[in-house]
Amino acid sequence: MAADHLLGRPPRERTDVTWPGDGKATVAWLRDLRTDWLAGLDRLDDTDLDTTAPFPWPNDPQYSVAHMIGWVNAELMKNAAEIGQLRLLRVQVQQPGH
């Protein structure tokens, strides 16, 4: 949804965002999201970065598009760390003797 805001598209409802399915479909979906996000970032100039963020703080002048971008990056780092922890736990459980 942040990419929708960044690209000037009407934001989708949360219920419209669904899990794509198996590994290949998920990887393709994530790559498409990355492509959209990078396209949005490439279009920005300094004035755009200073504009009030439309998401996740709806039109609060305290937060800029630059803040929104930082928030998205922090969320992605957190999610990647959580996935990494789950992968470590899965490997440990699958080892003999555990």
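Visitor: How many aromatic pairs does a search of the whole structure find?

Guide: The search finds four. Rings of Phe, Tyr and Trp (its six-membered ring) count as a pair if their centres lie within 6.5 Å. This is a predicted model, in which local features need pLDDT of at least 70 and side-chain atom pairs count only at pLDDT 80 or more, while totals for chains, interfaces and linings use all residues. Residues are numbered from 1 along each chain as its sequence is written, and side-chain values use heavy atoms, with hydrogens and water left out.

Visitor: Why is the pair of Phe 55 and Trp 71 called edge-to-face?

Guide: Planes under 30 degrees apart count as stacked, over 60 as edge-to-face and the rest as tilted. The centres of Phe 55 and Trp 71 are 5.7 Å apart and the planes stand at 80 degrees, so the pair is edge-to-face.

Visitor: What makes this pair a tie between parts of the chain?

Guide: Phe 55 is in the loop between α3 (46-50) and α4 (65-94), and Trp 71 is in helix α4, so the pair ties together parts 16 residues apart in sequence. Helices are DSSP runs (H or I, at least four residues), numbered from the N terminus.

Visitor: Is Phe 55 counted as buried or exposed, and why?

Guide: Buried means under 20% relative accessible area, exposed over 50%, and partly exposed in between (1.4 Å probe, protein chains only). Phe 55 has 15% relative accessibility, so this residue counts as buried. Trp 71, at 30%, counts as partly exposed.

Visitor: What makes the pair of Trp 57 and Tyr 63 stacked?

Guide: The angle between the planes of Trp 57 and Tyr 63 is 20 degrees, with 4.3 Å centre to centre, and the pair is stacked. Trp 57 is at 24% relative accessibility and therefore partly exposed; Tyr 63, at 25%, is also partly exposed. Ring pairs link Phe 55, Trp 57, Tyr 63 and Trp 71 into a cluster.

Visitor: Why is Pro 58 called exposed?

Guide: Pro 58 has a relative accessible area of 64%, so this residue is exposed. Pro 58 lies in the loop between α3 and α4. Its C-alpha atom is separated by 34 Å from that of Gly 23, 35 residues away along the chain.

Visitor: Which residues make up the lining of the largest pocket, by nonpolar, polar and charged?

Guide: The lining divides into 15 nonpolar, one polar and five charged. Ala, Val, Leu, Ile, Met, Phe, Trp, Tyr, Cys and Pro count as nonpolar, Asp, Glu, Lys and Arg as charged, and the others, Gly among them, as polar.

Methods. Helices (H or I, at least four residues) and strands (E, at least two) are DSSP runs, numbered from the N terminus.
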